[in-house]
Amino acid sequence: MIYLDNNATTAPDPRVGEAMLPFLGHEFGNPSSPHAAGRVARGALEKARAQVAAFLGAAEDTVLFTSGGTESINTALRGALAAQPEKRHVVTSAIEHSATKNLCRQLAREGYEVTWLPVDSGGCLDFTAYVQALRPDTAIVTMVWANNETGVLLPIEEMACVADERRIVFHADAVQAAGKVEIDLGRVPVHLLSIAAHKFHGPKGVGALVVRPGLGLPPLLRGGGQEGGRRAGTENVPGIVGLGVAAALAGVALPVEMPRVTGLRDEFESGVRTCFPDARFHGNPSYRLPNTTNFALPGLDAQGLLAGLDRLGVACSIGSACTSGEVDASHVLRAMGVGDEEARSSLRFSFSRMSTAEEVPAALAALGQASARLRRDGLGH
Ligand SMILES: Cc1ncc(COP(=O)(O)O)c(C=O)c1O
C-alpha cells in the first residue's frame, strides 16, 4: 500500500510499539499505587511527560495526558469557560476541525456567543478582523494551528501575542501541526495547546493538553485525583509511553525529514499539474504544512477516484476523515469559497516521514489510471 493519508492517522513508528509492549504485559502497575509495580508505571508516565514537554518547549508540570485531540480541545474550552463564568464570548475560525466546530456549535446552543472568523480563498485569516473580534467579554480564542484538510497554517504566534496582551485565554489546536512544524512554547504565548499522538507516528487514543499555570482550569472528567486532580481516571500507561517516544522521535526527525517531505509533496504536485493541467490547488501554497496537498480535478468525482485509487493500493482522502461519511462538501473548502461541484472533485494527499521517493511516481501513475477509468466509465460529473 502507498499510504498518503497521514493527516487522518500515521503508521506507528516500530520503536513506539516496542516501548509500549512491556506496559501491555508484565509492567502492568497502576501509577497511583505506592508499591514497586506502581512506581515503575509512575516512572514511565513521568518520563513520557518530560519527552512531551521537551518536544513542545513546555514545562513538564504543564503537560496533562488525555485520550487525544478531541478530549484536549473539550477540556480546554469547557475549562476556560467554567473558570471565567462572567465571560460568554468565544472566538474561533471557519476552518476548525469538527472537534472544535461541533463543540462551538454546542456552546452557541447553550447561549455562548461564538464569532466564526472567515478565511480568504487561500484559507488564510484576516489578522485585522481577528484583532477586532476580541472583546472584554471574550473568554477564549481557539484556533487550529494547521488545518487538517488543506494544511494551511494560521499565524498562531502573532494571534496568541495579541490575546496574551489583552489577557484573553488562547487555545491552539496543534493536532496537525505537531511533528510537522516546530512548536516552541517558550516563544509562543499560547495558554492551552492540544496534540494527539496518532498524528505523529504514535498510538491512537492518547494525547496531551498543555495548560499554562494560573489558568485555574477545572477538570472535564471528575473522579479520582490522577494528573494532579486535573484529569480523573487511571492513566493509559502504554499509550502515554507511546506518546512520549513518538514525541521524542518526532522532535529529532522534524528538521531533517520535513524538508524531504516537502520535496516529495512538491514533486507530487508538479506531476499532478503535468497530468491534469486543469487541476485547481486549494490553500495558500507558501503558508502551509510541508506534507499536505489538496486539489480538485474538475469533472471527476472524488469519491470515485478515492475508490479507484484504493483498488490500486493508494490511500488518500476526500475532505477530512472525520467528515468523509457526510455527503456535504467540506466546510473548510466551502469557507474558502470553493463551490460544491469543485469540492466534490477534491482530493487530499498527505505525506509523512515514512513516505518514500518511489511512492511519488507510483501514486501519480495510479491517479492517472483511476481518472482514466472514471472518464471511460462515464462516472465523471
Ligand atoms: C486539527 C485536528 N484537531 C483535532 C482532531 C481530533 O483529534 P482526535 O481524533 O485525536 O481526537 C484532529 C483529527 O483529525 C485534527 O486533525
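Biologist: What makes domain 1 and domain 2 touching neighbours in this predicted model?

Modeller: 23 residues of domain 1 are in contact with 22 residues of domain 2. Contact here asks for C-beta atoms within 7 Å. These residues meet that cut-off, so they count as touching.

Biologist: Which elements supply the side of domain 1 that touches domain 2?

Modeller: Strand E10 (292-296) and helix H9 (331-335) are named, each with at least two residues. H9 gives the most, three residues.

Biologist: How many residues of that side are nonpolar, polar or charged?

Modeller: Eight are nonpolar, 13 polar and two charged. Gly is counted among the polar ones under this scheme.

Biologist: Now helix H6, residues 156-165. Which of its residues are called buried, and what makes them so?

Modeller: Ile156, Met159, Ala160 and Ala163. Buried requires 20 or more other C-beta atoms within 10 Å of a residue's own. These four carry the label, so each of them reaches that count.

Biologist: How do you know that they lie on the same side of H6?

Modeller: The arc they cover around the axis is only 95 degrees, which puts them on the same side.

Biologist: What covers those buried residues of H6?

Modeller: The cover includes helix H5 (127-133), strand E5 (138-144) and strand E6 (169-173).

Biologist: What does the backbone do just after H6?

Modeller: Arg167 takes a positive phi there, about 60 degrees.

Terms used:
Residues numbered from 1 in each chain as written. Predicted model: local features only at pLDDT ≥ 70, side-chain atom pairs only at ≥ 80, totals over all residues. Buried ≥ 20, exposed ≤ 12 C-beta atoms within 10 Å, placed from the backbone. Arc of directions from axis to C-beta. Contact = placed C-beta atoms within 7 Å.
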